[in-house]
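Biologist: I am new to this structure. Please take me through its features in turn.

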Amino acid sequence: MKLRDATLADVPRISALLRALTALGKRTRPDDEAFVRSHYVENRANVACTVAEDDAGRVLGFQVLSVATAGNPWGVTPGWGIIGTHIGPDAARKGVGRALFGVSRAAAQRAGLAHIDASIGATNDEGLGYYDAMGFETYRTPEGRICKRFDVPPA
């Protein structure tokens with residue numbers, strides 16, 4: 001598995017991965033290329049957007065870490081990190097998410113973030129289990145979501 005920064009060339013493959021998750025009922029947000037480009041790959045608030053790919057160049061998953069701004073749709077405290085993790089259906093439970101979080105955690109430390117928020121759908125047992133395994137702890141539960149916090153250790 002290779003981990004690297006996402007580029008515009010990845011947008012179609014990331015969008016395809018998200019469409020597969022949507023088809024399985026594991027995603028409700030947009031999955032089109034324009035959304036991927038603006039919200040993930042070219043988001044100016046990004047600290048990191050990392051792709052995991054196999055030896056053939058197939059995207060196994062990706063993770064985005066951005067800085068929360070005032071008025072963000074998740075209600076995250078401005079200045080905190082906001083993380084999103086998306087793993088392809090056939091790559092789940094193979095260490096992809098753990099590897100991606102290693103990159104994001106180091107990026108958060110370099111950026112001086114103190115906390116990272118993960119807002120997960122309340123019925124997304126896989127996502128909740130993943131963030132628990134990464135060391136996130138529940139800190140609030142707005143309607144339909146469970147918000148978990150990771151306290152970033154100093155670099």
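Modeller: Start with the sheet: seven strands form an open sheet in the order E1-E2-E3-E4-E5-E7-E6, with mixed pairing. Strands (E, at least two residues) and helices (H or I, at least four) are DSSP runs numbered from the N terminus, and two strands pair if DSSP finds at least two bridges between them. This is a predicted model, in which local features need pLDDT of at least 70 and side-chain atom pairs count only at pLDDT 80 or more, while totals for chains, interfaces and linings use all residues. Residues are numbered from 1 along each chain as its sequence is written, and side-chain values use heavy atoms, with hydrogens and water left out.

Biologist: Which are the edge strands?

Modeller: Strand E1 (2-5) and strand E6 (137-140) are the edge strands, each pairing on one side only. From one strand to the next, the twist averages 30°.

Biologist: How many bridges join E4 to E5?

Modeller: Two bridges join them, and E4 and E5 run parallel. Gly81 stands opposite Ile116 in E5.

Biologist: Where does Ile146 sit, and what does Ile146 touch?

Modeller: Contact means heavy atoms within 4.5 Å. Ile146 is in strand E7 (residues 145-151). Leaving aside residues up to four places away in sequence, Ile146 touches several residues, among them Ala118, Ser119, Ile120 and Leu128.

Biologist: How should I read a pocket?

Modeller: Rolling a probe the size of a water molecule over the atoms shows where empty space is left. On a 1 Å grid over the protein atoms alone, a pocket is an open set of points where a 1.4 Å probe fits, with protein on both sides within 12 Å along at least five of seven lines; lining residues have an atom within 4 Å of a point. Grid points are joined across faces, edges and corners, and a volume is the space filled by probe spheres set on the points. Here the largest pocket has a volume of about 1,600 Å³. It is lined by 48 residues, and Gly84, Thr85, His86, Asn124 and Tyr131 are the closest to its centre. Elements giving two or more residues to the lining include helix H2 (33-41), strand E3 (59-67) and helix H4 (125-133).

Biologist: What is the phi of Arg93?

Modeller: Most residues other than glycine have a negative phi. Phi of Arg93 is near 65°, a positive value. Arg93 lies in the loop between strand E4 (81-87) and helix H3 (96-111).

How values were computed: Axes are lines fitted to C-alpha atoms, for helices over the stretch in contact, and angles run from 0 to 180 degrees between N-to-C directions.
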